[in-house]
Structure formats: structure tokens, C-alpha cells
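My entries follow in the order I made them.

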Amino acid sequence: MKTLRLLLLLGGIVTPLFSQTRVASPDGRNAVTVEIHDGKLYYSVRRDGHPLLLPSMLGFEFRGSPLLRDSLRIADSARSSYDTTWTQPWGEVSRIRDHHNELRLNVEETGMPNRKFTLAVRAFNDGVAFRYEFPAQPALGDFEMMDELTEFTMADNARAWSIPSNRSRLDRSEQLFSSAPMSTLDSVQTPLTMEVRDGKTFVVIHEANLVDYAKMNLRGPRMDGRTLHADLAPYADGVKVRGHTPFVTPWRTIQIADNVTELSPSVIGLNLNPPSVIASTDWIKPMKYVGIWWGMHIGTMTWSSGPKHGATTANTKRYIDFAAANGIGGVLVEGWNVGWDGDWIQNRNAFSFTQSYPDYDLPELARYAHSKGVKLIVHNETSGGIQNYERQIDSAFSMYHSLGLDAIKSGYVTDKTSEGHSHWSQFMVNHYRHVIEQAAHYHIMLDVHEPIQDTGERRTYPNMMSREGARGQEYNAWGGEGGNPPEHETILFFTRLLDGPMDFTPGIFDIMIKRPTGQPRRVEDPHPRTTLAKQLALYVVTSSSRGVSATAGSGSWGRSRTNRPARSTSRSRSSIRARVMWPIFTRTDRARIGRRTRSR
């Protein structure tokens, strides 16, 4: 026995010593076990001692190499604990506590080609996370990753709320959620929210700190068990990730809560991202705004030039006047730049991001908006013409900055890029990050439509204010199935909104939208299936939202700090004719509402 103990201390018998190890959250409720079984690496998760995820395999497939999955061993491990608090410049939660225990396992192959990696595992009170870290090594330098073999094997056939990831459409995220046992899932997007059948535990699978990697979807079991597989978005040639060691993957996150209401606000993704790289964030300010946008969707205006062109100098000044009169911070203008004529989705490389249509004077409108204390928000639709956009980003952002314009709404209406890469591929992930970095350089805030889901990068780049990434209000204008069903927004709160702020665009107060002819819409026509009370309530539950009425509206950029209802304005003073104008509810409002609810 003394000899065996000595060998263990000297490292002579490594595999038995580290064949299984465990890390628990600070409160002890969440525990992750990592183990080697038959040469393969597995992890499992328990909640209060009960199985939540059964042993799930880890590994990779690289082009031209054996699977990095077999003949593995745990060489050594290290542990640490963290308990810090940091402050957001804006958001639902001002101060966020990062309290977790970390386990780092150095894993290596027992034979050729002797590759190695570190599995970093963090256990929080609100969930667990892990990622792979590859050091520089002779056996793995430049690589092409064909697949990530990460699994999520549920102990229970939990009920899942999901949207598909494998349907070809211009924005795959703009679909209605459905619920079903997770064993029936095909291919779905994250975040994936699941309710364990005992009704006492909720689980959300997502990712954090997505940098230089492909977005992770989940390939379902399709009635064959309860295992979900990581499914990375590909390049046109099928490769998932190209890179060179040293290299790290995004975090795979598993948020855990006793009640569905405890899922929000979710901060696990923020805690897994690096601190802000922007030295001064004084210029990053949430705001309410109206926009020349809704009219295009109901047919009263057009993005393209012509008699109904919405983005004219005169029309924009009316919106600016309305915003100034009602204490609204900004005006968004879509269709201002050359490129909208014809099939703008197919003609993606025709967009200019500096040249205005002749009837839109950008410098004059920037000056006019500034004189009124209103910000002019620039719209950049790319239609997936990524190279065309990147060629112009520096000159465009420089021009906007010189005009005092510090906010952009961008768009990516496409399923694949011109090169055939997935909308969510590593190519696009790197593009989105490049835009965020360039925007930060020019002190520009971003609201991205047709995005990649939020993975917490707004901590590192607080100028990344909001994004779409789900089916929004616009479907109430023209959705062929009759618009969004009444329950849609309630599902979003516990699914899409868990990854971060969403530009849903609530605030359609002219509920019975008129046709361009002036005739009332028929009962069977798409229209908001809503009430005025619900539209106001959406400002509380849809974080970082913006809103419009039939021809104008109110909304927010990030999270508004104001707490003042807008002043009324007569219809004779403005042709915009908004019925109701309200600022978004602030964090203080939400807390007050919560206290009133609890006191009842």
C-alpha cells in the first residue's frame, strides 16, 4: 500500500488517479463530473445530486487525422475559485457577480499523433460551462475541423421549445417556436430551453464568447435516444472551422434553474466573456427612437426610389420634429442609400453605404437632427454582400463619425453569402466581430438584424446594443399565416431573449392597420393580434426593444435611463399621427412593478 501511495504521489500511475474528477458550484447544487471510459472522454451534470445530463462524449474530427476522441487520458488537473463583481454601462442588471469554481483538465492521446488539449469547466450557481483549449503543439498546427463531437445527453425526455436550424430561408431564426419532447428534435437552434418532466428544473443549452469559430446548432436524436450533438455551421466546402494552435473554442453553456422565471435575466454568458476593451463608454447611451421603417412593410412607403420613397429629406425632417417634440432620442431612416432599386436581395453588391439617393441630403439631415437634440440612425442593409460591405466599412464609418452619427442598424437578409458560406459560419462570425470592432473604433453603436445570436460579446464591446435574431413585429404587417400568434412573445421571453437584448419592435398602437388604398384591412389579413395594453407590456418584457405605430412609434436603443412619459402632440402638428408615444420602462420601473406584484 505504501508503495502504491508513493507511485501515485510521484505520478507513476496517472490514468487511475485522474480517470474521474468533479467540480461543483459554490452553493454545491450543480456538479460536473469528467471521466475517461474505454479511452473516451465524457462529462455529466447533476443538480442536487440527481442526474441532469448523463455521460456525454467530447472530442473532434480534423481533416486528415484520426478522430480526437479515442485513446485519451487525463494527464493532470488544476482547480481555482473566483468571486468578483463587475459593472455594465447599460443593461437589465447593473452589477453582476461572477462566482464560480473552475476545473482545468489536461487531456492527451496515449498514442500517435499525441495531440493534447485542456478541458476548462466552470460551475456557477446558475449553470455550468466548458470549453476546449488547444496549446501550440507539433501534432496540431494549422487545422481544418470537420466536426465538433460534443454531446448533450439528457437524463430526462424533457419538453423543449425550439426553432429549426436546417430550413433554407432568408433568415432561419425568424420562425415560430414549437414545443415537443426533446427526443423528437431534428436540427434546432440555440438557446434551447427545456423543462424536465418533473416540472422542477429548467435547462437552457447555448454558447458564450463565440470568436473565430462557427455558430453551434444542435442535431437532435430524431426519436433515437436523448442525445443532442453539436452541429457547427459550415463553410461552402463543408469545413466547419479553420485555425492554428494555440486556439480556444467558445464556451458550451448549460443554464439551470428551479423555476422558469429564474432563467431571466441570464448572466452566465456575460460572465464567460472578457471585460470591456472600450476604455471610456460615456458615448454609449441607450435611447428611444422612431423610424421610417414600418411604412415600407405596410406598403405606404418604399425603400427604393420613386413616388413613394420614404427616405426623403422632407419626410425625415418631419420625423425629427416629431421626435424632438416628444422627447424621443433618435430617428432611424431605412432606404436612404443607393442600392434599393430592383431586386435588392439579389443585387447585394449594388449597395453604397456612403452615397444617398438624390432626394435625401445626409449632411443636412445630420445637422438638422443635431440642432433638434435628436440622433439620426443610419441603416446599412447588406443582403449578404459581405465583401461589398467590408470594402466600404472604413470609409462609411469614418463619414458617419465626421457627421456626428453614432448609431447604425445593419441587416443581413440572406441564407448564404455570395461565396456559399452559411449565414452562421466562421466566415460570418469573423465578419460580425470585425464590424463590432470597427464600430467601436469610430464610436458607433450597433443594432444588428439577421444576426448571429448573442453570446455575451456585449460585455467586451458594449457598443453592441441589440439585435433581432427572431421573428419580430414586422410579420404582423405581411405574414402570410396571419401574423404572430398571441403567445409568440411569451415564448420569446424564455427562449430567444435569454441570450440577450432583442430588437422586436413593439409599439404598434394603430392596431387595425390600413391598406395603402386607405381601406380597412379584412379580418383574414395579417394584423397585430394584440391590444394596446399588450403593446405597452412588451416594453417591460422585451429587453432593448424599439417600437413603431402604423406610421411611427417609440422604442429604445439598449435600455433607456429615462422615466418620463412623452408629451402629447396634436395630430395637426405632425403628419406622423402616432396615437401613443411612451418611453421604454427602465430598470427602476421593472423593480417597482416586481415589488408591487410581490406585495399583493
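This is a predicted model: local features need pLDDT of at least 70, side-chain atom pairs count only at pLDDT 80 or more; totals for chains, interfaces and linings use all residues.

Residues are numbered from 1 along each chain as its sequence is written, and side-chain values use heavy atoms, with hydrogens and water left out.

**Sheet.** I took helices (H or I, at least four residues) and strands (E, at least two) as DSSP runs numbered from the N terminus. Two strands pair if DSSP finds at least two bridges between them. Strand 22 and strand 23 (residues 330–333) run parallel and are joined by 4 bridges. I then followed the whole open sheet, which has 6 strands in the order 22-23-24-25-26-27 with parallel pairing. Its edge strands are strand 22 (289–292) and strand 27 (464–467), each pairing on one side only. From one strand to the next the twist averages 20°. For angles, axes are lines fitted to C-alpha atoms, for helices over the stretch in contact, and the values run from 0 to 180 degrees between N-to-C directions.

**Helix 7.** Which strands does helix 7 lie across? Helix 7 (residues 386–402) lies across strand 24 (375–381) and strand 25 (407–411), and runs at about 170° to strand 24.

**Helix 5.** Helix 5 (residues 313–325) has 13 residues and reaches 18 Å from its first C-alpha to its last, close to the 18 Å expected at 1.5 Å a residue. The expected span is 1.5 Å times one less than the number of residues. I listed its buried residues (buried is under 20% relative accessible area, exposed over 50%, partly exposed in between, with a 1.4 Å probe and protein chains only). They are Thr313, Asn315, Thr316, Tyr319, Ile320, Phe322, Ala323 and Ala325. What covers them includes strand 22, strand 23, helix 6 (362–371) and strand 24. Just after helix 5, Gly327 takes a positive phi of about 65°.

Thr300 is found in the loop between helix 4 (294–298) and helix 5. I put Thr300 down as partly exposed because its relative accessible area is 34%. Its C-alpha atom is separated by 8.4 Å from that of Gly310, 10 residues apart along the chain.

Is Thr460 buried or exposed? Thr460 counts as buried, at 6% relative accessibility; it is found in the loop between strand 26 (445–448) and strand 27. Leaving aside neighbours within four places in sequence, Thr460 is in contact with Asn273, Pro274, Pro275, Ser276, Val277 and Ile278. Contact here means heavy atoms within 4.5 Å. A polar atom of the Thr460 side chain lies 2.8 Å from the backbone oxygen of Pro274.

I then looked from the other side. Val277 sits in the loop between helix 3 (268–271) and strand 22, and is exposed, with a relative accessible area of 52%. With the neighbours within four places left aside, Val277 is in contact with Thr460 and Tyr461. The C-alpha atoms of Val277 and Glu437, 160 residues apart along the chain, are separated by 9.8 Å.

**Salt bridges.** I counted a salt bridge where a side-chain nitrogen of Lys or Arg is within 4 Å of a carboxyl oxygen of Asp or Glu. How many salt bridges does this rule give? The count comes to 29.

- Glu102 and Arg122 meet at 2.7 Å, N to O. Glu102 is in strand 7 (residues 95–109) and Arg122 in strand 8 (residues 116–124), 20 residues apart. Glu102 is buried at 4% relative accessibility, and Arg122 is buried at 17%.
- Arg252 and Glu148 meet at 2.9 Å, N to O. Arg252 lies in strand 21 (residues 251–257) and Glu148 in strand 10 (residues 142–148), so the pair ties together parts 104 residues apart in sequence. Both Arg252 and Glu148 are buried.
- Glu334 and Lys409 meet at 2.4 Å, N to O. Glu334 lies in the loop between strand 23 and helix 6 and Lys409 in strand 25, so this pair ties together parts 75 residues apart in sequence. Glu334 is buried at 3% relative accessibility, and Lys409 at 4%.

My last entry is a network of salt bridges that links Arg29, Arg47, Asp48 and Asp258.

Terms used
A polar contact is a pair of N or O atoms within 3.5 Å; within protein, one must be able to donate a hydrogen and the other to accept it, and residues adjacent in sequence count only if both atoms are side-chain atoms.
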